[in-house]
Amino acid sequence: MLSKDWNLLVIAAAEGKPLTPVQLQKSLFVFGEECPQATKHEYYQFVPYHYGPFDSKVYQDAALLCAEGLVYIRPSVGGWREYSATSEGLERAKELEGYLTPKHAEYLHAVVTWARSLTFDQLIRAIYKKYPAYKVNSVFQPQ
Amino acid sequence: MGADGAATLGSMEEPTIRQPTPKLCIIKKSLILGVSGPIGLAQRFAGRIEKLWAEDRSLTGQKPWQAMTTIRGALWEILGPELQVADVAKRALGQGAIRSAYSTSLLAVPVAKKTCLFQFDQQGAPEEATENIPFVSIGSAQKIADPFLAFLRDVFWSEKLPGVGDGVFATVWTLLHAVRTNPGGVAEPIEVGVLRCKDQTFEATILSDEEMDEHRQAVRKAEKHLQTFPASLQEQPEEEPADTPPPEPEKC
């Protein structure tokens with residue numbers, strides 16, 4: 001499984017609904033942290049950045065998926081990009097899910113559902129709480 | 001360092017059209033230059049500073065006040081003749097002739113093993129940003145950016161200096177505010193450059209649009225937070241739900 005396959009799986013887990021940049025980054029991060037067995041071959045290398053774990057390759061892969069017609073990248077009202085699966089992307093993700101164990105597939109959906117249920121700040125806070133090492137380069141560091 | 005992405009084309013004092021263009025220039029992967037004013041001057045400043053950086057290796061070891069004096073000398077080689085020409089042209093063409101010689105610049109540069117931010121005014125006179133005045137803006141949106149940056153500093157960083165991430169956040173918010181409120185000539189796409197020291201090496205980069213997206217989301221959140229302030233004075237705020245942790249995997 002390539003990193004862009006994981007990217008598509010996460011975007012498609014929102015079932016055609018859009019993911020914000022933070023939801024996409026943090027869903028991939030949490031899945032990688034919690035299911036290292038599944039992602040041990042090719043995955044993202046997250047580093048602590050301004051809002052916690054970040055890997056710019058996440059967006060490069062999403063752009064590749066967009067070029068392949070599997071993902072839409074559309075500007076939101078707020079000006080940032082949002083990521084959603086096309087119908088071809090949803091089909092391809094179904095095929096990819098066949099390579100996952102049922103537990104991994106279930107967990108991936110649970111993480112994306114969780115990330116989508118939170119606001120921007122709730123999501124960042126939850127990540128910092130569970131993975132404090134990724135807070136080190138955060139904006140608004142306490143004194 | 002941040003910039004909007006609108007270049008105004010025109011002739012003499014008459015603007016014709018606006019075109020999207022990057023305004024920040026990375027020089028030798030180590031410096032960031034931003035120039036307000038004619039694009040031709042910006043191109044020549046970039047070339048001259050690149051030459052200076054390549055030829056004068058003592059620059060990095062100088063004290064900031066010495067380095068900004070050296071750089072000013074290099075810029076004056078371009079500015080001096082342009083101002084003289086403009087002075088002559090002004091008599092024939094009027095005040096508009098001065099426009100092709102009028103510019104201000106910002107330069108982020110590693111000097112004496114630290115990152116420095118120098119401002120060069122219309123005559124090339126330099127000034128270093130310091131802990132006391134840690135921000136500076138130039139160009140047509142300066143009237144919008146200066147008070148907004150001062151407001152952000154008062155609210156968030158009255159007691160300490162902002163970190164790099166904080167600086168990017170403040171820059172993105174200021175640019176978005178300027179784009180929304182300016183009377184014309186300031187527009188997307190915005191860009192932000194960062195000069196960092198990594199493993200004792202200085203590295204200047206322009207952030208990708210995607211890297212700025214998280215900051216755009218944070219700015220929107222901050223604005224929403226302010227929007228709810230009036231209501232918080234009128235009503236008992238709803239209790240924030242406890243943070244929901246990520247779901248626990250079942251033995252992944």
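I began with the sheet of chain B, in which three strands lie in the order E1-E9-E10, open and with antiparallel pairing. Here strands are DSSP runs of E with at least two residues and helices are runs of H or I with at least four, numbered from the N terminus; two strands pair if DSSP finds at least two bridges between them. Strand E1 (2–3) and strand E10 (201–206) of chain B each have a single partner strand, so one side of each has no neighbour in the sheet.

I noted that the model is predicted: local features need pLDDT of at least 70 and side-chain atom pairs pLDDT 80 or more, while totals for chains, interfaces and linings use all residues. Residues are numbered from 1 along each chain as its sequence is written, and chains are lettered from A and ligands numbered from 1 in the order written.

I then looked up the pairing of E9 (residues 191–198) with E10 in chain B and found six bridges, antiparallel. Cys197(B) has Phe202(B) of E10(B) as its bridge partner. Helix H4 (residues 164–181) of chain B packs on this sheet and touches E1 and E9 of chain B. Contact means C-beta atoms, placed from the backbone, within 7 Å.

I turned to the contact between the chains, which takes 36 residues from chain A and 25 from chain B. On the side of chain B, H4 and helix H5 (209–227) are the elements that give two or more residues. H5(B) supplies the largest share, ten residues.

Finally, I recorded that chain B has six helices and ten strands, and that its C-alpha trace spans about 70 × 45 × 35 Å along its principal axes.

Key
Contact = placed C-beta atoms within 7 Å. Axes fitted to C-alpha atoms, helices over the stretch in contact; angles between N-to-C directions.
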